[in-house]
Amino acid sequence: GPLASPTARQGLSYAFPYDAYLKAAWRGYAKRNYGPLASTLLGYDPHMFHYTTDLNKAKALLTRAGVTPGTTLTYSYVSGQQYFQIAGELLQAQLQQIGITVKLDQLDQATYNTMFNGNEAPGKRPNIMIQRWWPDYNDPWDESVSLIASSSAGSAGNNGGYYHNTQVDNLLAKMKHAGGEAMRRYAAEMQDITSRVDPPAIWIDEPAQVVVAVRGLKGLIIN
C-alpha cells in the first residue's frame, strides 16, 4: 500500500512523537528503541542512526513517497493494551497536522493474532500494525530473524508487514553462525539498514520490567 517504499516509512519514523509516547504510555519506565535489537543484547550498535520527531521532514518524505494530504492509513492494535492505543492516538494526532488521516482499528487478541500471523496478502492488511518481541537467547540473530527476515512473513514468523530486503536477509544468514567481531559487524550493518535506510517499523520503546515488592520480602530473584 502507500507505505511500501522505504521513503514513506522514513517519513513515518520522523512523524512519531517518541518523548510524548514514553511519558504518556510508560510514565518513564521505558526508553527509546532504535532498531530490531534491544540495547542490552550482544551485537547492539549504540552508534546507529536515531530518528527524531520532525514533522517538516516527515511531510517532505511522505509527499515524495506519494503519501499526500488526504491519504487515509489504518492502524490496528489489540484492545486492552493501553500503550498500543496511546501509540496509535499520538501518531494519529501527528499525521493529522500534515493532512493524513489515521483510522484506529481496535481488535481482540485472537482476531489480531490471526490477522498478523496469517497469510493475507500485504495489500489486504492494515497499513500499520503494532508488535512486541524479545530474544530467547543473548543472540542478535535470534532476536531479529522472526521480525524482519523475508522467510518469516505471514504464518512463517512475526514479519507481519511482509518486510523484504535482500541485504538484510543475507546479513541474517551470515549472522546465524557467526561470532566475535564478524557477528558484530554483520549486526551493525543490519541495524543501519533497518533503522536508517529501509526501516521496517517505527521502533518506539524498550520497556523496563518493574517488580514492586513489600520491604520485608527477602530472597526474591527476578528471572
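1. Arg184 is partly exposed, with a relative accessible area of 38%. Here buried means under 20% relative accessible area, exposed over 50%, and partly exposed in between (1.4 Å probe, protein chains only). Arg184 meets Glu181 in a salt bridge, 3.7 Å from N to O. A salt bridge is a side-chain nitrogen of Lys or Arg within 4 Å of a carboxyl oxygen of Asp or Glu. Glu181 counts as exposed, at 52% relative accessibility.

2. A word on the basis. This is a predicted model, in which local features need pLDDT of at least 70 and side-chain atom pairs count only at pLDDT 80 or more, while totals for chains, interfaces and linings use all residues. Residues are numbered from 1 along each chain as its sequence is written, and side-chain values use heavy atoms, with hydrogens and water left out. Helices (H or I, at least four residues) and strands (E, at least two) are DSSP runs, numbered from the N terminus.

3. Helix α8 (180-197) holds another pair, Asp192 and Arg196. They form a salt bridge, with the closest N and O atoms 2.9 Å apart. Being four residues apart, they too are separated by about one helical turn. Asp192 is partly exposed, at 26% relative accessible area. Arg196 is also partly exposed, at 38%.

4. How many salt bridges are there by this rule? The count comes to five. One of them joins Arg132 to Asp205, with the closest N and O atoms 2.7 Å apart. Arg132 lies in the loop between β4 and α6 (140-148), and Asp205 in the loop between α8 and β5, so the pair ties together parts that are 73 residues apart in sequence. Arg132 counts as partly exposed, at 23% relative accessibility. Asp205 is buried, at 8%.

5. Contact means heavy atoms within 4.5 Å. Asn33 sits in the loop between β1 (30-31) and α3. Is Asn33 buried or exposed? Asn33 is buried, with a relative accessible area of 8%. The Asn33 side chain reaches the backbone oxygen of Gly35 at 3.2 Å.

6. Now the interior. A nonpolar core is a set of buried Ala, Val, Leu, Ile, Met, Phe, Trp, Tyr and Cys residues joined through side-chain atoms within 4.5 Å. The largest core has 38 residues. Which of its members touch the most others? They are Phe16, Tyr21, Tyr75, Leu95, Ile130 and Ile204. Elements that each supply at least two residues of this core include α1 (6-15), α2 (18-26), β2 (72-78), α4 (82-96) and β3 (101-107). A second, separate core of 20 residues includes Tyr34, Leu37, Tyr44 and Ala187.

7. Not counting residues up to four places away in sequence, Tyr75 touches Phe84, Ala87, Gly88, Val102, Lys103, Leu104, Asp105, Ile128 and Ile130.

8. Gln85 is found in helix α4. Gln85 is partly exposed, at 28% relative accessible area. Its side chain makes a polar contact with the side chain of Glu89, at 2.8 Å. A polar contact is a pair of N or O atoms within 3.5 Å; within protein, one must be able to donate a hydrogen and the other to accept it, and residues adjacent in sequence count only if both atoms are side-chain atoms. Beyond four places in sequence, Gln85 is in contact with Tyr77 and Gln106. The C-alpha atoms of Gln85 and Ile193 are separated by 28 Å; along the chain these residues are 108 apart.

9. Phi of Arg27 is near 50°, a positive value in a residue other than glycine. Arg27 lies in the loop between α2 and β1. Arg27 counts as exposed, at 63% relative accessibility. Phi of Tyr162 is near 55°, again positive in a residue other than glycine. Tyr162 is in the loop between α6 and α7 (166-175). Tyr162 is partly exposed, at 25%.
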